[in-house]
Amino acid sequence: MMIRSVDVLKAGSLTTVQDRGRIGLAQLAVPRSGALDAPAWRLANRLVGNPEDAAALETTLTGPVLRPRVACHIAVTGAWSPVLVDGRPGPWGIPIWARPGQVVEIGTATRGLRSYIAISGGLAVDPVLGSRSTDLLSGLGPSPLRDGDLLPLGTQTGPPAAIDYAPYPPPPTELKLRIVLGPRHDWFTDATLAAFTQATYTVTTYSNRIALRLEGPPLQRRHTTELPSEPVVTGAIEVPSDGNPLIFLNDHPTTAGYPVVAVVAADDLAACAQARPGTTVRLWVRPAAMR
Amino acid sequence: MTSASTADVVKILPVGDRALLLELDGPAEVHALHVEIERRRRDGRLPAVEEVIPAARTILIDGLADPMRFAREVTDWQVPPAEVDDRGLVEVPTIYDGADLEQVARHWHMTTREVIATHASVEHRVAFCGFAPGFAYITGLPPECTVPRRANPRTAVPAGSVALAGEFTGIYPRPSPGGWQLIGRAEVSLWDPNRDPATLLSPGTRVRFVELGS
């Protein structure tokens with residue numbers, strides 16, 4: 001019986017396997033990981049007929065060159081990356097039928113940062129602690145793709161989506177993030193908080209799957225006492241001692257020792273996943289529902 | 001001992017739109033509330049949650065569909081003091097030859113031999129995990145036996161290093177930079193993702209450090 005697999009001719013700049021991540025293990029210091037732009041990842045899976053939470057590839061700016069050994073469907077979503085099939089332009093955002101031996105190249109994104117590449121059957125690398133996701137902070141899960149890798153595929157379970165076009169909002173060119181203040185916003189003066197929510201920040205090149213690191217007006221604390229380490233959520237905006245805020249993304253450590261001034265709304269995290277260095281960031285306070 | 005009403009001892013802070021941070025006075029209170037949460041979870045009396053994460057003075061509950069409603073429910077809980085866990089005891093064979101032993105002895109106003117005797121005679125307990133998979137913040141030393149972190153962290157601390165910071169003992173699962181005070185080294189497999197359970201030390205595990213050689 002043919003083992004379904006795909007050759008990785010070129011890995012791309014940083015391509016990893018991602019699914020929904022490791023849930024329920026944060027109390028053991030295991031980061032969540034998983035696809036940073038979850039809606040784009042799920043759409044890619046639906047387009048090729050996979051269960052929504054099948055493992056897929058997440059690219060960073062420049063994608064891989066793949067050569068499937070079996071006939072399969074492939075779909076690319078998320079960042080706008082050019083797709084070439086045997087050197088000819090192929091479609092983005094809808095299922096592509098690839099014959100064995102065809103070369104599918106996902107190029108450099110022109111808008112957004114991370115594309116998701118789903119292949120029918122899903123990626124069947126061995127799971128670690130219940131997930132196939134690569135965790136770049138702890139080193140759990142498969143290593144990032146390397147040139148020459150051979151990726152196993154699962155069995156196709158459903159038909160690809162029979163559509164000509166899947167409408168999807170384009171990756172944003174600037175971030176407008178809704179935030180809920182707290183839990184440690186009382187570590188900052190009202191004037192500091194007002195300035196924070198009125199300022200424009202910029203995503204720096206030091207950003208990655210662990211955090212978006214922002215440049216802009218630093219936040220000054222009221223006092224310099226140490227905060228005992230406390231658990232943090234994805235989307236938390238932490239303010240380290242230099243005052244430059246950072247937004248935790250999926251590979252963030254489970255506890256942190258600096259105050260979290262606010263948390264980005266879960267629905268705005270996909271936009272964070274697509275933010276290239278240089279993207280401007282504005283923050284909009286949503287009132288906390290509590291007293 | 002009487003149960004404490006949660007409203008008297010817990011400060012509840014909203015975290016984003018799906019989580020709550022419960023803040024308590026100290027590790028004993030965190031432990032008692034964590035045990036109560038896990039008991040209710042096992043009994044099916046807790047709303048669906050994705051994560052329950054204890055830390056030094058807080059517990060985070062993440063993945064709540066209705067955090068406000070849960071916050072109101074929690075304030076009515078009666079939380080009994082935690083009984084002694086029978087989660088088993090892990091013995092950690094330790095060679096007490098760490099580079100910062102004398103520093104610790106100065107802070108504790110003891111000789112290094114007395115530091116070792118104190119550390120090895122106490123029954124410790126894992127308060128919480130953080131920093132990296134396999135890293136446990138282990139509590140149990142007498143309250144006067146604390147140390148600050150090193151003013152200059154080391155760039156490379158070997159795996160297996162037993163170290164102190166604040167009120168906690170930690171054992172480094174992998175080589176890494178570190179600012180904790182080194183008191184010894186242990187040969188234990190703290191973390192193996194292919195083992196069940198993957199982590200040797202999880203919140204509530206009791207720990208004894210057993211001195212090797214003298």
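Begin by selecting Val203(A) together with Leu214(A), its bridge partner in β14(A); bear in mind throughout that the model is predicted. Extending the selection to the strands themselves, take residues 201-203 of chain A for β13 and residues 211-215 of chain A for β14, which pair in the antiparallel sense over two bridges.

Next, widen the view to the sheet that holds these strands: in chain A, seven strands close into a barrel in the order β12-β19-β16-β17-β14-β13-β20, with mixed pairing. Within this sheet, neighbouring strands are turned by 40 degrees against each other on average, direction ignored.

Finally, turn to the boundary between the chains, where the contact involves 34 residues from chain A and 40 residues from chain B. About 2900 Å² is buried between chain A and chain B, and carbon and sulfur atoms give 64% of that area. Select Arg32(A) and Glu50(B) to display a salt bridge in which the closest N and O atoms are 3.2 Å apart; the count between the two chains is four salt bridges. On the side of chain A that touches chain B, the residues divide into 22 nonpolar, seven polar and five charged. Across this interface there are also eight residue pairs in polar contact, with both residues at pLDDT 80 or more.

Key. Residues numbered from 1 in each chain as written. Chains lettered and ligands numbered in written order. Predicted model: local features only at pLDDT ≥ 70, side-chain atom pairs only at ≥ 80, totals over all residues. Heavy atoms only, no water. Contact = heavy atoms within 4.5 Å. Buried area = accessible area lost by both parts, 1.4 Å probe. Salt bridge = Lys/Arg side-chain N within 4 Å of Asp/Glu carboxyl O. Polar contact = N/O pair within 3.5 Å; in protein donor to acceptor, adjacent residues only side chain to side chain. Nonpolar A, V, L, I, M, F, W, Y, C, P; charged D, E, K, R; others polar. Pairing = 2+ DSSP bridges. Helix = DSSP H or I, 4+ residues; strand = E, 2+ residues; numbered from the N terminus. Axes fitted to C-alpha atoms, helices over the stretch in contact; angles between N-to-C directions.
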